[in-house]
Amino acid sequence: MRIGLVLNVLDEEYQISLYRGIKKRAQELGIQIVCFQEGNTAFLSDAFIGCFPRKDYFKLDGIILLTSVLIDNCTLNTKEDIYKIWGSTPVISVGQKIEGIPSLLIRTDDSMNELMEHLIKYHGYRNLVYIGGSQTHQDAILREELFVNIIQKYKASIPQLEYKIEHGSFTEQSAVEALDAYMQGNKAQVPDVIVCANDNMAIGVYKYLKLNQQEHPEFSNVAVTGFDDIPQGQFSIPSLTTVHQPLDQIGEEAVNIIYQYAKGQELPFEKSIGSCVVYRESCGCKKQEADASVIRDSFNKVQSSYVVSEQMLQIVSRIGRDLNHNNDEKTLASIIDYNIGMLGIKNFCILKYPQKMQQNLPLSDNPLFVEPLYVRYNGRVIDMAKNTKDGQLTLGQFYDYLNTLNKQECEPLVYKNLNVGEDYIGCILYDAPDNFLPYIILISVDIALAINRIQLNEERQRYSEFLECEVSARMHELVEANSRRLKVEAEVLEISEIERQRFSNDLHDDICQRLAGISMLCRSYSHKSEGVKKEEMEELAALVSDTLQRTRQYAHDSYPVDLDTLGLDASLSNLCNSFEKQSGIGCTYEWGIDPEVNFDKLQKLNFFRIIQEALHNVMKHSGAHSVKVCCMMQDRNVVIRVCDDGKGMPSMDGSNYGIGINSMQYRANQIGASFSIDNLKNGGVCVEVKL
């Protein structure tokens with residue numbers, strides 16, 4: 001049989017004592033215990049449900065729920081609340097009553113009444129301070145209500161009875177802060193007795209009183225009481241008067257109940273175990289003489305506890321320092337192996353969760369894959385790489401593998417998540433002596449921080465490499481872009497030079513020749529003895545008029561002034577008419593652009609130049625009989641095509657593109673348009689610009 005124990009954190013005596021009793025009885029019955037530490041998470045919240053692994057991973061036959069130490073557990077009241085987390089798995093509650101499931105309770109009313117009667121009637125204390133636990137914790141609420149009710153009962157016969165209430169969180173430091181808050185508000189009134197909701201807070205009160213005794217000598221007369229009877233209270237000076245709860249016995253009885261419940265036996269839904277008051281010196285009672293053997297045993301326990309504490313603090317400190325300087329998981333495993341080996345711990349496993357799910361609760365999602373970073377089991381280190389066939393391992397598969405190595409089926413294991421803030425890094429599975437357990441919690445924090453730091457370093461390294469690749473690629477793109485820019489600039493300069501040369505040749509070969517002819521004709525007329533005939537003057541006038549028209553055409557080709565006055569449609573129409581007259585090639589022109597489409601000056605000029613260059617190429621290279629210039633709309637695109645019926649181009653791979661075609665491409669790029677030139681199936685070439 002395998003039973004899960006769910007508690008807060010094994011870092012203080014109350015929970016460790018219960019865990020000790022549970023382990024003892026479980027081993028006697030041959031039950032394996034898996035202890036889950038949930039770390040102050042709230043019941044029924046996404047955080048609590050999410051951080052509890054799938055129940056089928058561990059194949060649990062039942063669960064012992066230590067509700068008395070789980071913070072903010074007031075909303076867990078019914079069997080339905082339990083079902084939301086563990087389904088139909090048998091569950092019992094220890095410390096708090098939950099309707100519908102067996103609950104093991106501790107009777108403290110009688111002990112609290114007895115303790116208060118002792119303080120008020122026997123010692124005659126009249127000014128009391130109560131330091132309670134968390135105001136949302138059920139046990140803390142009940143103890144505080146009991147304290148107030150008892151005071152009210154005695155106040156009828158003792159009117160001078162006064163009390164104040166402060167709140168902590170069951171820790172020493174919280175008690176120090178609570179008492180300091182009380183003293184700040186009540187400087188003139190030192191209490192007769194301070195009643196604490198547990199022994200840890202009572203020890204914190206001791207420390208506060210002793211540290212401030214020089215300033216307040218009256219603190220030496222303040223009585224203190226606790227609750228729970230942990231060993232530190234027994235060995236404190238003065239020894240602590242408290243309410244004893246038989247924690248080992250409670251733990252053993254919890255195992256008996258869950259064993260019977262999991263076997264299907266009918267059980268009462270509520271069972272109680274009594275408590276008793278332990279009177280020692282802190283309440284004001286005289287020190288009682290103890291026999292020599294008791295004193296010797298107590299001294300040996302204190303000495304042993306001190307030695308273990310010193311040893312563990314040194315190891316924890318060393319582990320923290322070493323892990324803080326390591327930069328890879330292999331070194332981390334080596335550091336843990338050395339120190340865990342020094343402690344003689346036989347079972348200690350570190351499992352890492354995949355980074356993609358570390359920030360995505362719940363862990364209860366299926367499947368939960370783990371990566372073993374370090375595995376020590378039954379005293380030997382196991383290389384999990386040799387025992388993982390497909391490279392992927394779920395938490396349940398890993399736990400099953402451990403059980404195949406487990407010779408003692410009832411050997412317990414403790415499970416604890418490794419987290420940094422809200423990010424779940426992984427988990428540890430371990431078993432350690434009771435007095436080592438609080439220090440394992442400290443070590444787990446160092447492990448979580450180390451793994452997180454290693455992962456962050458790896459991410460930074462990967463990101464750095466990515467940035468280097470991106471910078472290199474960007475630099476390559478910039479070099480190529482700069483090269484293309486230089487090439488385009490060179491082509492633009494060359495195009496400009498060719499245009500100037502073409503314009504110069506046209507002026508020289510056409511206009512200048514015509515002017516020379518006119519000059520010669522005029523000169524010949526001037527040498528005639530008789531007057532110039534009318535026909536001769538008409539011929540001269542016609543020649544001058546034609547030359548003037550050609551000059552205007554060259555000026556228009558250099559810059560189409562009518563683009564601004566007539567618009568693109570009329571300018572292109574004139575261009576096509578002029579082309580047809582000059583080349584003798586039939587030219588068809590179509591305009592289908594929506595009237596609401598407006599072109600800016602740069603767009604009109606570049607469209608005109610592209611069509612002009614395309615017609616020039618048709619006249620010069622195509623051998624065509626006809627050409628069609630078409631301007632139309634396709635969806636939201638303006639499409640301009642110049643298509644001829646000539647001989648086409650021998651190659652369309654760009655290798656034989658001349659400056660004219662490159663200039664058309666450049667002009668299209670200038671206005672953000674696409675440019676293409678293709679051979680037609682039936683012969684000829686089609687130039688297309690799409691904006």
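Author: One aromatic cluster is formed by Phe36, Phe58, Tyr399 and Tyr415. Rings of Phe, Tyr and Trp (its six-membered ring) pair if their centres lie within 6.5 Å, and planes under 30 degrees apart count as stacked, over 60 as edge-to-face and the rest as tilted. This is a predicted model, in which local features need pLDDT of at least 70 and side-chain atom pairs count only at pLDDT 80 or more, while totals for chains, interfaces and linings use all residues. Residues are numbered from 1 along each chain as its sequence is written, and side-chain values use heavy atoms, with hydrogens and water left out.

The structure holds 10 aromatic pairs. One of them joins phenylalanine 348 and tyrosine 430, a tilted pair with 6.0 Å from centre to centre and 35° between the planes. This pair links distant parts of the chain, since phenylalanine 348 belongs to strand β13 (residues 347-352) and tyrosine 430 to strand β17 (residues 423-431), 82 residues apart; helices (H or I, at least four residues) and strands (E, at least two) are DSSP runs, numbered from the N terminus. Both phenylalanine 348 and tyrosine 430 are buried, where buried means under 20% relative accessible area, exposed over 50% and partly exposed in between (1.4 Å probe, protein chains only).

A charged side chain also meets a ring: lysine 210 lies over the face of tyrosine 206, at 5.3 Å from the ring centre. For such a case, NZ of Lys or CZ of Arg must be within 6 Å of the ring centre and within 35 degrees of the ring normal.

After α4 comes glycine 87, with a positive phi near 65°.

Helix α18 (residues 601-622) has 22 residues and reaches 30 Å from its first C-alpha to its last, close to the 32 Å expected at 1.5 Å a residue, the expected span being 1.5 Å times one less than the number of residues. Since 16 of its 22 residues are buried, α18 is largely enclosed by the rest of the structure. At its start, a side-chain oxygen of aspartate 600 reaches to within 3.2 Å of the backbone nitrogen of leucine 602.

Serine 571 in helix α17 (residues 568-583) counts as buried, at 0% relative accessibility. Not counting residues up to four places away in sequence, serine 571 touches Asp562, Leu563 and Phe608, where contact means heavy atoms within 4.5 Å.

Although phenylalanine 170 is not a glycine, its phi is positive, about 70°, and at 16% relative accessibility it counts as buried.

Key
Polar contact = N/O pair within 3.5 Å; in protein donor to acceptor, adjacent residues only side chain to side chain.
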